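Colleague: Please take one part of this model and go through it closely. I would like the helix itself, its packing and the pocket beside it in one account.

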Amino acid sequence: MRKIGVLTSGGDAPGMNAAVRAVVRCGIDRGMEVYGIERGYEGLIEGEIREMTMSSVGDILHRGGTILRTARSERFKTEAGQKHAMNVLEAFGIEGIVVIGGDGSFRGGLELSKRGVPVMGIPGTIDNDLGYTDYTIGFDTAVNTVLSAVTNIRDTSSSHERATVIEVMGRHCGDIALYAGLTGGADNILVPEMPFDINKVCRKIIQGKNRGKLHDIIMKAEGVEVDTQELAQMIEERTGKETRVVILAYLQRGGSPTAKDRMLASRMGSKAVELLYDDEESRAIGICGSEICAYELAEALEMKRPFNTELYELADILSK
């Protein structure tokens, strides 16, 4: 394989640029031509493609977001859109693609794979919601961003003797809430994988108040069934404690990637190029333990990782 493309799709995640950098430089090192496809699958349909050089990816390792930009494409979901994308790839002579993104991005890559284009998926999503890999690129940075916010919120929450509900991202996966809640000392952690119990939340707040606790932090993933503002109102009505809401939203997607995310992105990008160079079939690249692993793309999309109840129970014990 001599010509490959790389694109970023879906929600951006810190570390995407590090992955792009690794793909470009490792590809060129192997004598390949590497093309950057801008704005994901929408840019592919539009032919927004440029050849990348070593200098194209200089000074981006530390930057958040993605220099290739990203977009969601309704046209690519149609057969006509996919056929047009294939025509564009053929016009540029691109023989394989590295897709950096989440579940939806991988499913788009699977459609290209079915049409004969080898696709290597690199998991770039802060939600950590792909079951085949222990961690996704951007997750560690997002957790650390939340931790920084928790530290600041705790200061003012303690001064005013308040409870604060902090909403973080995670529609179907509560890993950001779990990891940030455990390491940030949250008093309650609410995730979509576990039943919501308002009585348990309020009981812990009242017990803490009775032993002189000044503040309470409730870490809530956005996918939990109760509305965040309604939750704060319920807590205030049942405990008598003033309760505020902080929704971190897109703040979690930005910022310079941590060393862990840069390392993960670099290793995965290198693996993607290696597999394309060896003419392997489509794969989803991940990390299993300390080793970079690769699963058949369709198989990886069907894999589910069970929620870490051990960490959840530990967080509950430590917050008493």
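Modeller: What follows is a walk along helix 4 and into the largest pocket. This is a predicted model: local features need pLDDT of at least 70, side-chain atom pairs count only at pLDDT 80 or more, and totals for chains, interfaces and linings use all residues. Residues are numbered from 1 along each chain as its sequence is written, and side-chain values use heavy atoms, without hydrogens and water.

Helix 4 covers residues 103-114. Helices here are DSSP runs of H or I, at least four residues, and strands are E runs of at least two, numbered from the N terminus. The end C-alpha atoms lie 17 Å apart, which agrees with the 16 Å that twelve residues should span at 1.5 Å a residue. That expected span is 1.5 Å times one less than the number of residues. Just after the helix, G116 has a positive phi of about 105°.

S105, F106, G108, G109, L110 and L112 are its buried residues (under 20% relative accessible area, 1.4 Å probe, protein chains only). They pack against several elements, among them helix 2 (40-46), helix 3 (79-92) and strand 4 (96-101). Contact means heavy atoms within 4.5 Å.

Now the pocket. Helix 4 gives six residues to the lining of the largest pocket, the largest share. The lining divides into 16 nonpolar, 17 polar and 17 charged residues. Nonpolar means Ala, Val, Leu, Ile, Met, Phe, Trp, Tyr, Cys and Pro; charged means Asp, Glu, Lys and Arg; the others, Gly among them, are polar.

Conventions. Buried < 20%, exposed > 50% of the residue type's maximum accessible area, 1.4 Å probe, protein only.
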